[in-house]
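Good morning, and thank you for coming. Please look at the sequence and the structure on the screen while I speak.

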Amino acid sequence: MRTFSLTLNVWRQKSASEPGKFVTYKAPNVSEHMSFLEMLDVVNDDLILTGGEPIVFDHDCREGICGSCGFMINGIAHGPNRATTVCQLHMRSFKDGEELWLEPWRSAAFPVVKDLAVDRSAFDRVIAAGGFVTAPTGSAVDGNAILVPKPDADLAMDAAACIGCGACVASCPNGSAALFSAAKIGHLGFLPQGQPERDNRVLAMVEQVTLEGFGHCTSTGECEAVCPKGIQISYIARMNRDYLKASIAKRPEASVGGSG
Amino acid sequence: MSATSAGAASPPTAPSFYKATIGKKVVMALTGTVGAGFVVVHMAGNLGVMGGAESFNRYAAFLKTSMLVLWAARLVLLGSVVLHIRAALQLYALKAAARPVPYAKKAYRAATPASRFMIWSGSALGAFLVFHILHFTTGTLHPSFIEGNVFHNVTSEFQKPLIAGVYLVSMAFLFLHLRHGLYSLTQSLGLSHPRYVNTAKLVANALAFVVAAGFASVPLAVLTAVVR
């Protein structure tokens, strides 16, 4: 088994209110089979044994589907591999003696909790604003009672693959959340169940994105390039189309219905 | 238990449209389209300089046939420029606020320089626009300006390498600004679609090149004494 060593420059920050700085660590005996987070686990073990503070980073499932992990490695969200979360990034992607810079997502909407962990509650509030369907719960409807064309189901599923990790915001030169919100708006917009609230959804979610202070989309394509789920910026165009349509066509609530 | 009240509780419509960055980008796209349409026509008209003094001066006079039409066009253009710059500055301020702590290291995987530096290519074009109007429209900065003799005004100035150079560099900025702007507006207006996105990029690049090269051909032709 090949082992090698790395130099890590890690952003250390005690809390959102305190300034942070880079601290350099050696990572000796890195196995090529380790995931990036396992490599950090070993660095943290050494830090704990020598009385240091372990490096804080978010993680949960470690199989690339929960959206907890993520930070910048040498200026690229989730590191050098395409369509890969940092937990699924293996050390064989790095060379012996390489120097790496680890930074948290940098966004005003994502305050640093500690070190590499950021608070992504802003995304939760965007979802809470309209990223759902108002459906009666209870007994399940009959299978195939609502027909969904296969291409639409595929497009909805591609958008629904978004795990809300925040890499799109982190990599965007403008700190825009366009790809995230477009994926969430798009995945319901492709389905019949999403139609009744489609106009309200895009208006409410875009409103919340604005309130959270995310930047604008300049179609650079950076988000698409780092998205661990490979979500495409065509969904952003679709969101913009929905937003335009809803802004123009939406009727004020008071004028709808009431005539019997 | 009223879990059914939609979270999307009737958000306000009209006033908030422009508040969202998408609304600002729609204004950018629409006013940018006006500007792009203008430069295409302006470039095509400029090529008339190749036909010599008489026909070019006649074309210039034709443009001023109706003062009403001329000033209506100027007002639309000025309005577009003002709204374009206003949205750009507002978005630039939002962008700065969205990332108060910059990255120590940042690498780009997809973003072209043209897409990342729109504010700077735009600023250069804004400065050029002011100079250009004072130079060839009002003649304020023109040492030998003759009202109505557009051919003389242009050729006398483009013989100076410095002046020609300023125009050529500005056209390089125009190329960069247009090549990204023309593609990006299809995204902003929601016209982009996976089926047409490559065509849109190709058309944006080609149109940007044709416009910039067409404009640049005038100072180059004068500088190389093809047109004098």
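Predicted model: local features only at pLDDT ≥ 70, side-chain atom pairs only at ≥ 80, totals over all residues.

Residues are numbered from 1 along each chain as its sequence is written, and chains are lettered from A and ligands numbered from 1 in the order in which they are written.

The model has an ipTM of 0.92 and a pTM of 0.93. The pLDDT is the predictor's confidence in each residue, from 0 to 100. For chain B its average is 93, and 93% of the residues reach at least 70. Over residues 1-14 of chain B, however, pLDDT stays under 50.

Let us consider the fold of chain B. Chain B contains nine helices and zero strands; here helices (H or I, at least four residues) and strands (E, at least two) are DSSP runs, numbered from the N terminus. The C-alpha trace of chain B spans about 80 × 45 × 35 Å along its principal axes. Of the 228 residues in chain B, 31% are buried. A residue is buried if 20 or more other C-beta atoms lie within 10 Å of its own, exposed if 12 or fewer, and partly exposed in between, with C-beta atoms placed from the backbone.

How do helix 8 and helix 9 of chain B cross? Their axes come within 8 Å and cross at roughly 170 degrees. Axes are lines fitted to C-alpha atoms, for helices over the stretch in contact, and angles run from 0 to 180 degrees between N-to-C directions. Helix 8 and helix 9 of chain B are therefore roughly antiparallel to each other, a description used for angles over 145 degrees, whereas those under 35 are roughly parallel, 65 to 115 roughly perpendicular and the rest oblique. The residues of this contact comprise 23 nonpolar, two polar and two charged. Ala, Val, Leu, Ile, Met, Phe, Trp, Tyr, Cys and Pro count as nonpolar, Asp, Glu, Lys and Arg as charged, and the others, Gly among them, as polar.

Helix 6 of chain B, residues 118-137, has buried residues including B:Met118, B:Leu125 and B:His135. Helix 4, helix 5 and helix 8 of chain B are among the elements that cover the buried residues of helix 6. Just after helix 6, B:Gly139 takes a positive phi of about 80 degrees.

Next, the two chains together. In total, 47 residues of chain B are in contact with 51 residues of chain A; two residues are in contact if their C-beta atoms, placed from the backbone, lie within 7 Å. The side of chain B that touches chain A has 25 nonpolar, 13 polar and nine charged residues.

Finally, chain A. Its domain assignment gives domain 1 (3-103) and domain 2 (121-255), with bounds that come from an automatic or database domain assignment. The centres of these two domains, taken over C-alpha atoms, are 31 Å apart. Between them, 12 residues of domain 1 are in contact with 11 residues of domain 2.

Where is A:Cys165 placed? A:Cys165 is in the loop between helix 3 (150-160) and helix 4 (167-171) of chain A. A:Cys165 counts as buried because 27 other C-beta atoms lie within 10 Å. Beyond four places in sequence, A:Cys165 touches A:Gly67, A:Gly70, A:Thr85 and A:Pro228.
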